[in-house]
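Hi,

Here is the structure I promised to pass on. Have a look, and then read my notes below.

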Amino acid sequence: MAPSRRTTTEPRPASSGDRPQYDVAVLGSGLAGSTLAACLAKNGAKVLILDAGSHPRFAIGESTIPYTSMMMRLVSERYGVPEIKWLTTFEATQAKISTNCGVKRNFGFLYHRENAKQNPLETSEFPIPKITHTENHFFRQDTDAWMLGVAVKYGAHVRQQTRVDDVEIDDEGVTVLAGSGDPVRVKFVVDASGHRSPIARKFDLREEPSRLRHHSRSLFTHMVGVKPYEGTVPKGVHNNPSPWSEGTLHHLFDGGWMWVIPFDNHPRATNPLCSVGLNLDPRKHPRPDCSPEEEFRRFIAKYPDIEPQFREARAVRDWVSTGRLQYSSKQTVGYRWCLTSHAAGFVDALFSRGLSNTMEIIHALGWRLLDAIKDDDFSVERFAYVQELEQGLLDFNDDLVANAYTSFGDWHLWNAWFRIWSLGQILATFEINRAYARFLDSHDPSVLARLERQAPDGAIPDYAPARELLKRVSELTRSVHAGDLPARAAAHEMMEMLRAADFVPPAFGLADPDNHWTDASTMKIVDTLKWAKRNAPVEIGELVHEGLTLFIRKRFDREEFDLAEELKHIVARWPVIGKPLRVPLPK
């Protein structure tokens, strides 16, 4: 936190007549800024949103995960903004926001080697359990513009195409200098504008060099003509429980990965686009002297089972090519200001954690800011946890992604590491399921204390054996990266730890290296509930049992899920009966 002596980030004395016009200025009208603005405005705060651009516009961060969707539900319920829940399932998003979004039924991973056919045994898939809900591929042009409209509905004021030139902080408020208009006085400013954060620039907050150990660069665009991957290989070659094209597909290779996020992957699709991105470690894949599109084509030509998926594809917007993506901030909270979301830092799009972290921060910041407005007390100490959360999530994600990239260098290491990642996903999802169900029953924020305590550590349960396993896995992977340990030896020890751990739900098959699908069928859920009651350690047994049963009880609540919309999407798949529900093909 900021030291007690006055620094450049501390306020100047107030000048006379500096009465605030707004309680909060939010810089940036993307999903993060607009969601926070809607939550604040709904609860009585006077909010101004300032954005240098305008909607609709392209944005990355298009894939959701179960933890993200449950956190959105919690934010929606805690702040009384029901519209946020519409973002939490594919069916609700389609019915109430935009038909241009895609469905996400799985995380898919295909391991590739240069100049070699993809080995069908070198695959991994994490299907989204059908008993929970269906995730989204957000078409951000639509979802972000819609969310801005929600913020306006609840009373937020918006100024688009208004670049923030400077902010001046004094004892009584903040003066925001933006565009050619008059200065605006506010009580607090939240910077959700991204990498080019005006506050980070103003107070020189970026760490140089960044403490983050991960290194990657990216090139990405939207394309048409991308084939479903299962249509480019012999039928039945993988036998995965959920088609690759109905999820977020990750092509993995030494030194990087590629995302394939289709929006046209269901019978009622209206959007022909597919989001495609290539993320590379520049230490292994230096940036060549050619256009991004040429680099993309050259790169996929090295992989015989990636290139056919894009043979007929073409970009429909200019390619974006970046330098190193990673950046961090030495401070994210100060007197009357807060950096949030990608204004605070960024690691990599791997594992779709960007929106998840954003919702965690909105949840933690919103009520603290509302209380500060009510008390007219914006002391830095009130927001100390928000900085702890932001820095903790950044470090957690850095460790997660850096270790994943190391594992990409050897299939056996990735096969073991994927199971460790899956275990973390499963346990964290049980935590948020339980917390949300308890909050719905009581609307008592105290039931969320455990979740908030664990959030800076990626919401991994505060259960010593699980924490110790994850710590040891990170140590092993770092040793591989440093060249001190062979990848196979690290993979072997990871698998032995999974087999020995009594807190790993056996039905998911995580300890079996030949089981590549962590699918949770109804019978596996039943077996997991039996295990939780009879064989699991008490603390983990309670977590798993409550995380499943409390949520499943809410799963069939009409206020939580629209079963009629779900049925429409099921019927739309049927050859004859479903035809009226499908989008007609062009004549």
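Predicted model: local features only at pLDDT ≥ 70, side-chain atom pairs only at ≥ 80, totals over all residues.

Residues are numbered from 1 along each chain as its sequence is written, and side-chain values use heavy atoms, with hydrogens and water left out.

First, the helices (DSSP runs of H or I, at least four residues; strands are E, at least two; both numbered from the N terminus). Helix 1 (residues 31-42) packs against helix 4 (residues 140-153) at about 25°, axes 8 Å apart. Axes are lines fitted to C-alpha atoms over the stretch in contact, and angles run from 0 to 180 degrees between N-to-C directions. So helix 1 is roughly parallel to helix 4 (angles under 35 degrees count as such). Among the residues meeting there are Ala-37 and Ala-38 from helix 1, and Met-147 and Leu-148 from helix 4.

Next, Arg-336, which sits in the loop between strand 17 (333-334) and strand 18 (337-339). Arg-336 is buried but has no salt bridge, and Asp-376, the nearest side chain of opposite charge, is 4.8 Å away. Buried is under 20% relative accessible area with a 1.4 Å probe, protein chains only; a salt bridge needs a Lys or Arg side-chain nitrogen within 4 Å of an Asp or Glu carboxyl oxygen.

Finally, Val-103 lies in strand 3 (residues 102-104) and counts as buried because its relative accessibility is 0%.

Cheers

How values were computed
Buried < 20%, exposed > 50% of the residue type's maximum accessible area, 1.4 Å probe, protein only. Lys, Arg positive; Asp, Glu negative; His and termini not counted. Parallel < 35°, antiparallel > 145°, perpendicular 65-115°, else oblique. Contact = heavy atoms within 4.5 Å.
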